[in-house]
Amino acid sequence: MTTFLLAAAAFVLLLTAVGLKPLLRARGAADRIMAVQLLGSGGIGALLLFAEGTERYTAIDVSLTLALLAAFVSVALAKSARRLDATAPATDSADRQ
Amino acid sequence: MTLVLDLYTVVAVLGGAFFYLAGTVGLLRFPDTLTRLHALSKADNLGLGLIVLGLLPRVDGTLVALKLVCAWLLVLLSGATVAQLIARVARSQDPSA
Amino acid sequence: MSWSFAVDLAMAGLLLAIAVFTIAVRDAFAAVVAFAAYGLLVAVVWVRLQAVDVALTEAAIGSGLTGVLMLGAAARLRGTERAAQSARPAAWLRVVAAVLSATVATALGAAVWFFPDPAPTLAPAAVGEIDATGLGNTVTAVLMAYRATDTVLEKVVLVLAVLGVWSLAPDRAWGGRPGTLYRPDADGVLTFFARVLPPFGVVIGVYLMWTAADNPGGAFAGGTVLAAMWVLVMMAGLTDAPPVAGRALRLLVLVGPVVFVAFGFAGMVIADAFLAYPVDYAKALIVAIEVPMTVSIAAMLGMLLAGTPSRPVQP
């Protein structure tokens, strides 16, 4: 069972790696932001399987943090991508995001 | 009893891994950003959900089980929201999509 | 070649690939995305190396916080990106840089390759003395008991960083609000998200801080999660960044380091050394330091993410 769970974790990581390649190489910002999402869900899946397989449940805390932060970064990236494209009314030339 | 539980875990995790695989294949093969986004958010969320379901009977303690479910719910919530935001980025960059 | 070694090799290869991509890609935004992805993957690698505390901090700060900070920098540099890309340094300079980098990398690799076996380590000593601190997590014991002076100095550095960011404000916006005021999105997706996620985030952030006594966690990871939730609410336009001259904000920023230093001086009186704890109360004191510390870290990181003040307090 342990071997099976660890093998599943490795499989999910492998799929994440394979999925990253076209996303990072793509031209558009949307594809690239999806890379963060992919790593988030894939990494969390692998971590949960790894936590159960090695009986180290503290890895689940890492997956919770990953979930929150991946979402946060994706939102920031999406907002930034839209502002960089749209001709937003310049409220201040020194503003960010 | 343990045999039944182990079998259940194996089946659920295999199902989850299958959906991760489906999502990655979709990422690689779908023609444009929005369809790839669909593959990523639906398949990975379902894959993670099945993995969580498979691991639930194995953990000891309700707190850990709660954390597992919470991680999945967070990924679902953020996946759905970020998918919407990414789709808007994609649309703003390529209105014909 | 054992099976787990193959997996480790694959993870290392993927890490390298993302790192090379981050450096090689021309567009700053793409580099930031790759950097954030890299941070998330490194967090998984840390778990594989059984360093869960480091994994938590990496996921929170290395990926989330630094990624968004870089995003702001990339946005500001957008105007100069074309000029920067067309200016290439001289050939001899690049050769010198390449040689130096290769030398340093080789030296580091050799140092790792020729580690004495068993490697010198204080870990057994650290774990052996842990009962005196009343804690269960060795990393927290190192951070808050054995090397507490380093930790308090880190927090002072953080305060200085915030001061530095605030002092970059233009004259007319001195003491004003950072960032831009977002109107809540009419379509409501982000607004909904910023209403539903933060309660989870706050609970998890507080949990991460609270559990640090016995499990991986800590004030920094917890504080970063709290800061991320705060910035998310700001990004959705549901709240505005506070003016940096505000009393409440400055109090929140200072309470953590001040309490920490105060306990340090009290330790000189009660237990004979700066930041020494009397043995019976060690854990209680550490928790009493960690709570305001987490609040301060959340406030400071949130303000760092918000940026320099750019809007005057009163128009």
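Among the contacts in chain A with a separation of 6 or more, 53% are accounted for by residues 24 or more positions apart, where two residues are in contact if their C-beta atoms, placed from the backbone, lie within 7 Å. In chain C, 75% of the contacts between residues at least 6 apart in sequence join residues at least 24 apart. The model is predicted, and local features need pLDDT of at least 70, side-chain atom pairs count only at pLDDT 80 or more, and totals for chains, interfaces and linings use all residues. Residues are numbered from 1 along each chain as its sequence is written, while chains are lettered from A and ligands numbered from 1 in the order in which they are written.

**Chains A and C**

Chain A has three helices and zero strands, and its elements run α-α-α from the N terminus on; helices (H or I, at least four residues) and strands (E, at least two) are DSSP runs, numbered from the N terminus. Chain C has eleven helices and two strands, in the order α-α-α-α-α-α-α-β-α-α-α-α-β from the N terminus. Taken along the principal axes, the C-alpha atoms of chain C fill a box of roughly 60 × 60 × 40 Å.

Of the 97 residues of chain A, 66% count as buried, and of the 315 residues of chain C, 42% count as buried. A residue is buried if 20 or more other C-beta atoms lie within 10 Å of its own, exposed if 12 or fewer, and partly exposed in between, with C-beta atoms placed from the backbone.

**Where chain C meets its partners**

The contact between chains C and A takes 48 residues from chain C and 42 residues from chain A. On the side of chain C that touches chain A, the elements that give two or more residues are H1, H2, H3, helix H8 (189-210), helix H9 (219-235) and strand E2 (309-311) of chain C, and the largest share, 14 residues, comes from H3(C). By class, this side of chain C divides into 34 nonpolar, eleven polar and three charged residues; Ala, Val, Leu, Ile, Met, Phe, Trp, Tyr, Cys and Pro count as nonpolar, Asp, Glu, Lys and Arg as charged, and the others, Gly among them, as polar.

The contact between chains C and B takes six residues from chain C and six residues from chain B, and the side of chain C that touches chain B has six nonpolar, no polar and no charged residues.

The largest nonpolar core has 158 residues, of which Ile33(A), Ala35(A), Leu48(A), Ile86(B), Val33(C), Ala37(C) and Leu232(C) touch the most other members. A nonpolar core is a set of buried Ala, Val, Leu, Ile, Met, Phe, Trp, Tyr and Cys residues joined through C-beta atoms within 7 Å. Leaving aside its neighbours within four places in sequence, Ala37(C) is in contact with Ala35(A), Val36(A), Leu39(A) and Ile18(C).

The table gives the axis distance and the crossing angle, where axes are lines fitted to C-alpha atoms, for helices over the stretch in contact, and angles run from 0 to 180 degrees between N-to-C directions.

| Helix pair | Axes come within | Axes cross at |
|---|---|---|
| H1(C) and H2(C) | 9 Å | roughly 160° |
| H7(C) and H11(C) | 10 Å | roughly 30° |

The crossing angle makes H1(C) roughly antiparallel to H2(C), whereas H7(C) and H11(C) are roughly parallel to each other; angles under 35 degrees count as roughly parallel, over 145 as roughly antiparallel, 65 to 115 as roughly perpendicular and the rest as oblique.

In the H1(C) and H2(C) pair, the residues that meet include Ile18(C) in H1(C) and Ala37(C) in H2(C), and the residues of this contact divide into 14 nonpolar, one polar and one charged. In the other pair, Lys155(C), Leu158(C), Val159(C), Ala161(C), Val162(C) and Val165(C) in H7(C) meet Met293(C), Met300(C), Met303(C) and Leu304(C) in H11(C), a contact with nine nonpolar, no polar and one charged residues.

Helix H6 (residues 138-146) of chain C is largely enclosed by the rest of the structure, because seven of its nine residues are buried. The buried residues of H6(C) pack against helix H3 (52-86), helix H5 (123-128), helix H7 (148-166) and helix H11 (282-306) of chain C.

Leu135(C) has its place in the loop between H5 and H6 of chain C, and this residue counts as buried because it has 21 C-beta neighbours inside 10 Å. Leaving aside neighbours within four places in sequence, the contacts of Leu135(C) include Thr140(C) and Ala141(C), both of which are among the buried residues of H6(C).
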